[in-house]
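Let's take a walk through a protein model together. Keep the sequence and the 3D view side by side as you read.

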Amino acid sequence: MENLDWKNLGFGYTDTNFNVRCYYKDGKWGELETSDSNQISLHMAATCLHYGQEAFEGLKAYRGKDGKIRVFRIEENALRMQASAQGILMQEFPIEKFKQAVFKAIKLNEEFVPPYGSGASLYVRPLLIGSGPQIGVKPAEEYMFVVFVMPVGPYFKAGFKPTDYVIYREYDRAAPHGTGNIKVGGNYAASLNAGIRAHKEGYSAVLYLDAQEKKYIDECGPANFFGIKGNSYVTPQSKSILPSITNKSLRQLAKDFGLTIEERRIPVEELAEFSEAGACGTAAVVSPIRSIFDADKEITYMYGDEPGEISQKLYNKLIDIQYGCVDDPHNWVTVVE
Ligand code: PLP
Ligand code: COI
């Protein structure tokens with residue numbers, strides 16, 4: 001892949017050589033299969049197409065200075081995909097099979113894992129869908145699991161540079177007791193209108209409030225939210241946000257740095273009290289927030305043009321662990337052999 005411009009990759013789809021698939025039929029999961037096609041053949045009445053039986057995951061593989069390829073907290077992704085499956089009554093994909101499939105997809109596409117120092121990584125996208133037909137609103141009897149990979153750069157074009165976010169009260173990405181806490185496609189469909197409007201108006205993402213009261217911070221379209229207040233790392237507690245593995249890791253790192261962790265409801269007005277704010281996720285990594293514009297109240301909360309000191313420290317530590325540059329005291333990384 002010598003002709004790939006690793007340093008200027010954005011977060012977009014590209015074909016790689018192979019993907020790995022597995023089918024659930026007659027009450028059991030089959031063996032892992034390798035495919036060189038980017039197409040899938042699907043029954044027109046498949047439940048994923050009609051009734052949203054679809055869940056996905058996102059994780060990354062990183063090439064270290066030592067040339068080794070590492071994945072970050074893969075078991076957490078496997079478990080979250082099982083939680084997503086439970087949430088919309090799909091067959092759970094077994095944890096060990098999930099790991100094997102991901103490792104296999106990475107190894108088969110090893111040449112696409114960006115070189116150390118390019119700032120890019122290999123994004124891994126596991127997908128689980130109801131593939132069997134139903135016309136009544138019922139779970140499918142057949143499922144398909146696929147994992148494909150592609151090299152990616154930063155999710156937000158600016159990379160680790162503060163960008164602007166916006167609050168609009170007229171959109172929700174998830175209902176209070178709905179599917180916001182699992183990684184199902186419907187949540188992302190529900191976020192498209194607000195997300196595209198935000199981009200057109202010059203913001204990198206929408207910051208959603210809780211759907212019930214519109215009083216508390218929930219999360220961003222593709223990432224969790226955190227704020228720094230005094231010596232505390234503050235992040236929302238909500239039943240309708242995705243439990244982010246990055247956020248969970250940042251809470252641990254912040255604790256290791258001696259910060260207090262506050263996982264609680266965050267009233268919108270408290271945005272004025274943070275010295276730093278950021279979005280975090282696999283794709284977003286740590287994305288510092290420069291400003292948040294509350295479009296309904298016409299209030300702007302400002303956090304500065306440069307990343308804050310604590311955000312910078314958390315970001316450095318996180319990526320150093322992911323790329324294998326420092327010790328991994330919490331056993332978060334697995335070398336792909
Ligand atoms: N919130 C949403 C809605 C997401 O789509 C993601 C991305 O996976 C996250 C948060 C961050 O989660 P993680 O850190 O596990 O990637
Ligand atoms: C991720 O961070 O992996 C995501 O899933 C975010 C987005 C691309 C949907």
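This is a predicted model: local features need pLDDT of at least 70, side-chain atom pairs count only at pLDDT 80 or more; totals for chains, interfaces and linings use all residues.

## Charges, rings and a hairpin

Lys 99 is buried, with a relative accessible area of 16%.

Glu 75 counts as partly exposed, at 37% relative accessibility.

Now look at another pair, Arg 169 and Asp 294, whose side chains form a salt bridge at 2.8 Å, N to O. Here, too, distant parts of the chain are linked: Arg 169 is in the loop between E9 and helix H4 (185–189), while Asp 294 belongs to strand E16, 125 residues apart. Is Asp 294 buried or exposed? With 1% relative accessibility, Asp 294 counts as buried. Arg 169 counts as buried as well, at 19%.

Then there's Arg 70, which meets Asp 66 in a salt bridge at 2.7 Å, N to O. Arg 70 is buried at 8% relative accessibility, whereas Asp 66 is partly exposed at 45%. Some charged residues join up in a network of salt bridges: Lys 229, Glu 262, Arg 264, Glu 270 and Glu 273. The count for the model comes to 21 salt bridges.

E16 (residues 285–294) pairs with strand E17 (residues 299–302) in the antiparallel sense, over four bridges. Within this pairing, Phe 293 has Thr 300 in E17 as its bridge partner. Four residues lie between the strands of this hairpin, and Glu 298 takes a positive phi near 50 degrees.

On to the rings. How many aromatic pairs does a search of the whole structure find? It finds 17. One of them is Tyr 116 with Tyr 323, an edge-to-face pair with 6.1 Å centre to centre and 75 degrees between the planes. Tyr 116 lies in the loop between helix H3 (95–108) and E7, and Tyr 323 in the loop between helix H7 (309–322) and strand E18 (333–335), so the pair ties together parts that are 207 residues apart in sequence. Tyr 116 is partly exposed at 35%, but Tyr 323 is buried at 13%.

Phe 160 and Tyr 315 are arranged another way: their ring centres are 3.9 Å apart and their planes at 15 degrees, so this pair is stacked. Phe 160 is in the loop between E8 and strand E9 (163–167) and Tyr 315 is in helix H7, so parts 155 residues apart in sequence are tied together. Both Phe 160 and Tyr 315 are buried.

The charged end of Arg 265 sits over the ring of Tyr 216, 4.1 Å from its centre, and the charged end of Lys 313 sits over the ring of Phe 257, 4.5 Å from its centre.

Finally, come out to the surface. Tyr 51, Ile 135 and Val 137 form a nonpolar patch there, with about 340 Å² of accessible area together. Val 137 is in the loop between strand E7 (121–130) and strand E8 (143–152), and is exposed at 72% relative accessible area.

Technical notes:
Residues are numbered from 1 along each chain as its sequence is written. Chains are lettered from A and ligands numbered from 1 in the order in which they are written. Side-chain values use heavy atoms; hydrogens and water are left out. Patches are made of residues with over 30% relative accessible area and no salt bridge: like charges are joined within 9 Å, nonpolar side chains (Val, Leu, Ile, Met, Phe, Trp, Tyr) within 5 Å. Accessible areas come from the Shrake-Rupley method with a 1.4 Å probe; for residues, only the protein chains shown count as cover. A salt bridge is a side-chain nitrogen of Lys or Arg within 4 Å of a carboxyl oxygen of Asp or Glu. Helices (H or I, at least four residues) and strands (E, at least two) are DSSP runs, numbered from the N terminus. Buried means under 20% relative accessible area, exposed over 50%, partly exposed in between (1.4 Å probe, protein chains only). Rings of Phe, Tyr and Trp (its six-membered ring) pair if their centres lie within 6.5 Å; planes under 30 degrees apart count as stacked, over 60 as edge-to-face and the rest as tilted. A charge sits over a ring if NZ of Lys or CZ of Arg is within 6 Å of the ring centre and within 35 degrees of the ring normal. Two strands pair if DSSP finds at least two bridges between them.
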